[in-house]
Amino acid sequence: MEFNMSIRQGYQLLRKQKKIKLKDLSVIVGVSVPMLSMYENENVNLHKEKEKKYREFIISSSKRGIK
């Protein structure tokens, strides 16, 4: 059995494991919650700078997410 996961799906999984909410992440990235949701579901693309903020924040966040 083989599982193929896109980079966006990997970041989405990591975000959920760290309990980071789209609402909190949207403030950091500077886009709306629906836009982030569409990005994670591969319906739209983010500007490269916003995509970088998205990824860096998820990687650098603690396991408990934002308080």
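This is a predicted model: local features need pLDDT of at least 70, side-chain atom pairs count only at pLDDT 80 or more; totals for chains, interfaces and linings use all residues.
**View 1. Helix 2 and helix 4 cross in a right-handed fashion.** Residues are numbered from 1 along each chain as its sequence is written, and side-chain values use heavy atoms, with hydrogens and water left out. Helix 2 covers residues 22-29, and its axis comes within 9 Å of the axis of helix 4, at a crossing angle of roughly 130°. Axes are lines fitted to C-alpha atoms over the stretch in contact, with angles from 0 to 180 degrees between N-to-C directions. The two helices are therefore oblique to each other (under 35 degrees is roughly parallel, over 145 roughly antiparallel, 65 to 115 roughly perpendicular, and the rest oblique).

**View 2. Here is who meets whom between helix 2 and helix 4.** Helix 2 brings Leu25, Ile28 and Val29, and helix 4 answers with Lys50, Lys53, Tyr54, Phe57 and Ile58 (contact means heavy atoms within 4.5 Å). Sorted by class, that makes six nonpolar, no polar and two charged residues. Ala, Val, Leu, Ile, Met, Phe, Trp, Tyr, Cys and Pro count as nonpolar, Asp, Glu, Lys and Arg as charged, and the others, Gly among them, as polar.

**View 3. Helix 1 packs against helix 4 at an angle of about 40°.** On the helix 1 side the contact uses Ile7, Tyr11, Gln12, Leu14 and Arg15; on the helix 4 side it uses Tyr54, Arg55, Ile58 and Ile59. The tally is six nonpolar, one polar and two charged.

**View 4. Zooming out, the protein chain has four helices and zero strands.** Helices (H or I, at least four residues) and strands (E, at least two) are DSSP runs, numbered from the N terminus. Along the sequence the pattern reads α-α-α-α. The C-alpha atoms fill a box of roughly 40 × 25 × 20 Å along the principal axes. Buried residues (under 20% relative accessible area, with a 1.4 Å probe and protein chains only) account for 31% of the 67 residues. Of the contacts between residues at least 6 apart in sequence, 58% join residues at least 24 apart.

How values were computed. A crossing is left-handed if the near helix is turned anticlockwise from the far one by less than a right angle, and right-handed if clockwise. Buried means under 20% relative accessible area, exposed over 50%, partly exposed in between (1.4 Å probe, protein chains only).
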